[in-house]
Amino acid sequence: MTHTANRGYQRELERQRQRKEQLRADCELSLKGIDRIFFEAGCGHGHWLTSFAEANPEQVCVGVDLISLRIRKACDKRDKRSLSNLHFFKADLNEFLDVLPKNIRFDQTMMLFPDPWPKARHHRRRMVQEAFLNAIADRTDAGGYFFFRTDDSPYFKWTMELIDLNPHWEIDGPQSWPYETETYFQSLMEAYRSVTAVRQ
């Protein structure tokens, strides 16, 4: 590694450290006193989670997305409805899971129509990975659920295979979807497939 490249790498590490420290502080402030949540990974504009939180006021709901504009729109939806049980964070998924207070458990985890990254060389960018399934398993008690929905058949197969290989999760056919509401993005889909996995 050249001297210039090394300096660039060190700067990126420092930016990541600062980003994670700010995210950690935001989580600790917003989720103070909370120990159980319904988690949506990749919440987009917050359509689904806002509707779910409004229908389930007793459930604390948390959504994360990497795109600032999406989170601003999600927060606008929350604030318009005055939903105190709903929290959104702009964050990289893995960084969020890393800094979230350790006491917080996931009752259920939702992932709706994530980017399928169809090219083989981009598969490592997919949100569903072995490490992700292990990370949410660490925060989920036995009997908790992971829900996944996509319109991309290869990504559906990828997810099914990873769940099948993971010792912490088991595909659970009979489990019904926790809540249905047609979001804007789902309305554009001609067809989609869903899978539910239960924590062992």
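Trainee: What covers the buried residues of H2?

Mentor: First the terms: buried means under 20% relative accessible area, exposed over 50%, and partly exposed in between, with a 1.4 Å probe and protein chains only. A contact means heavy atoms within 4.5 Å. Helices (H or I, at least four residues) and strands (E, at least two) are DSSP runs numbered from the N terminus. Here the cover of the buried residues of H2 includes strands S1 (36–41), S2 (61–65), S3 (86–90) and S4 (105–112), together with helix H3 (68–81). This is a predicted model, in which local features need pLDDT of at least 70, side-chain atom pairs count only at pLDDT 80 or more, and totals for chains, interfaces and linings use all residues. Residues are numbered from 1 along each chain as its sequence is written, and side-chain values use heavy atoms, with hydrogens and water left out.

Trainee: Which residues of helix H2 are buried?

Mentor: Helix H2 spans residues 47–55, and its buried residues are Trp48, Leu49, Thr50, Ser51, Phe52 and Ala53.

Trainee: What pattern does the protein follow along the sequence?

Mentor: The pattern reads α-β-α-β-α-β-α-β-α-β-α-β-α-β, with 7 helices and 7 strands. The radius of gyration is 17 Å, close to the 16 Å from the globule rule for 200 residues, so the protein is as compact as a globular protein of that length. That radius is taken over C-alpha atoms, and the rule is 2.2 Å times the number of residues to the power 0.38. Buried residues make up 44% of the 200 residues. Among contacts between residues at least 6 apart in sequence, 78% join residues at least 24 apart.

Trainee: How far is Asp172 from the nearest side chain of opposite charge?

Mentor: For charges, Lys and Arg count as positive and Asp and Glu as negative, while His and the chain ends are not counted. A salt bridge is a side-chain nitrogen of Lys or Arg within 4 Å of a carboxyl oxygen of Asp or Glu. Asp172 is buried yet has no salt bridge, and Arg149, the nearest side chain of opposite charge, is 14 Å away. Asp172 lies in the loop between strand S6 (169–171) and helix H7 (184–187). Leaving aside residues up to four places away in sequence, Asp172 touches Tyr145, Thr196, Ala197 and Val198.

Trainee: Is Phe113 buried or exposed?

Mentor: Phe113 counts as buried, at 17% relative accessibility. Its phi is near 45°, a positive value in a residue other than glycine. Phe113 lies in the loop between S4 and helix H5 (130–138).

Trainee: Where is Ser82?

Mentor: Ser82 is in the loop between H3 and S3. Ser82 also has a positive phi, near 55°, but is exposed, with a relative accessible area of 62%.
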